[in-house]
Amino acid sequence: MTDNPTSRDWAGVIALGLIWGGTFMVVAIALEGYGPVTVAAARTTLGAAALLALMWGTGRSMPVWDAALWKSITVIGILSTALPFVMLSWGQQYVPSAFAGLSMAAIPLMVLPLAHFFSDEPLNMRKFVGVSLGFCGALVLIGPGLAKLGQGSEPLAQLACIGAAFCYSLASIFTRRCPPIDPVTLAALTLVVGSVILVPIMLATEGVPAWQDTRSGLAIIVLGLVPTALATLLRVSIIRSAGSVFMTLVNYQVPVWSMVFGAWILSEALPLRFFIALAMILTGLAVSQWFSLKRTLRRA
């Protein structure tokens with residue numbers, strides 16, 4: 001592993017920001033033809049198939065039986081695929097894709113206090129200030145919805161998006177504590193867990209999916225292959241080359257790209273509070289990661 005990011009690493013980080021930032025737009029398009037559980041199940045199953053094929057093609061083998069390892073894989077699979085995929089798909093029926101993307105910006109800020117209590121990363125004053133500012137931004141984002149709880153589906157959909165971000169944050173903590181395992185293998189098996197859970201729920205609630213139209217059908221295929229298989233390859237490559245701290249630069253891009261794609265492709269209206277929340281969350285993220293961010297940019 002090298003300490004200095006190469007031009008290839010920078011290109012990879014920008015590509016990941018585009019891919020993950022555009023995911024919410026693609027989910028919105030998939031929902032035009034399919035139910036939320038079908039979108040989540042298809043996305044998970046296609047992603048699992050792609051990564052299992054990648055494992056086979058690169059000569060990776062299944063991990064040996066270890067109760068602690070497989071328990072971790074199951075928990076991570078539930079928290080990183082099954083629950084958040086359904087929550088986001090359901091929520092995006094009632095909120096703009098830009099809102100969902102903005103919600104994901106809170107993930108690193110949620111991880112910090114969780115890591116303080118459940119991992120070995122204490123929350124110092126600087127990180128506390130950054131987390132507090134970021135959460136104030138999240139409150140600006142969902143404030144109007146909280147005032148309307150019980151009045152339609154939109155407030156619950158907003159909470160579902162924030163809940164998905166919290167699931168990802170918990171998954172991050174469990175991933176850090178997971179016994180040693182190849183990252184591509186872990187990604188593949190967690191998607192398998194999600195698929196095993198979601199496919200029966202899909203069949204029971206929405207039935208066997210049929211091809212609806214080219215636009216929404218291709219969106220589901222893209223969801224399964226690009227933000228999972230391709231993004232996983234990029235992520236592993238960047239972390240091995242430039243380190244996990246460098247990967248945090250993706251967190252600053254995702255909400256921005258989700259707003260750009262939502263407004264540009266889907267013609268979504270972007271209220272002023274979206275921009276205020278974005279500024280507060282990204283500033284909080286920068287404050288909480290200040291020294292790591294400064295070292296990363298200095299090495300560049």
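**Exercise 1. Overall fold**

Among contacts in the protein chain between residues at least 6 apart in sequence, what percentage join residues at least 24 apart? State also the secondary structure content and the share of buried residues.

*Solution.* The structure is a predicted model.
- Step 1. Of the contacts between residues at least 6 apart in sequence, 87% join residues at least 24 apart.
- Step 2. The protein chain has 13 helices and zero strands. Read from the N terminus, its elements are therefore written α-α-α-α-α-α-α-α-α-α-α-α-α.
- Step 3. The protein chain has 300 residues, of which 49% are buried.

**Exercise 2. A residue in helix H1**

Is Ile19 buried or exposed?

*Solution.* 
- Step 1. Ile19 belongs to helix H1, which covers residues 7-30.
- Step 2. The relative accessibility of Ile19 is 16%; buried means under 20%, so Ile19 counts as buried.
- Step 3. Leaving aside residues up to four places away in sequence, Ile19 touches Val226, Pro227, Leu230, Ala231 and Leu234.
- Step 4. Between Ile19 and Leu223 the C-alpha to C-alpha distance is 9.8 Å, while the two are 204 residues apart in sequence.

**Exercise 3. Geometry of helix H3**

Where is the kink in H3 centred?

*Solution.* 
- Step 1. Helix H3 runs over residues 67-91, which is 25 residues.
- Step 2. From first C-alpha to last, H3 reaches 34 Å, close to the 36 Å expected at 1.5 Å a residue.
- Step 3. The kink in H3 is about 35 degrees and is centred on Ile78.
- Step 4. The N-terminal end of H3 is capped by Asp66, with a side-chain oxygen 3.2 Å from the backbone nitrogen of Ala68.

**Exercise 4. Aromatic rings**

How many aromatic pairs does a search of the whole structure find?

*Solution.* 
- Step 1. The search of the whole structure gives four aromatic pairs.
- Step 2. For Trp65 and Trp70 the ring centres are 6.4 Å apart and the planes are at 15 degrees, so this pair is stacked. The cut-offs applied are centres within 6.5 Å and planes under 30 degrees apart.
- Step 3. Trp65 has 69% relative accessibility and therefore counts as exposed. Trp70, at 24%, counts as partly exposed.
- Step 4. Over the face of Phe85 lies Arg43, at 3.8 Å from the ring centre.

Terms used: Residues numbered from 1 in each chain as written. Predicted model: local features only at pLDDT ≥ 70, side-chain atom pairs only at ≥ 80, totals over all residues. Heavy atoms only, no water. Phe/Tyr/Trp six-rings, centres within 6.5 Å; stacked < 30°, edge-to-face > 60°. Buried < 20%, exposed > 50% of the residue type's maximum accessible area, 1.4 Å probe, protein only. Lys NZ or Arg CZ within 6 Å of the ring centre and 35° of its normal. Helix = DSSP H or I, 4+ residues; strand = E, 2+ residues; numbered from the N terminus. Expected span 1.5 Å × (residues − 1). Bend = angle between axes of the 7 residues up to and from the residue. Polar contact = N/O pair within 3.5 Å; in protein donor to acceptor, adjacent residues only side chain to side chain. Contact = heavy atoms within 4.5 Å.
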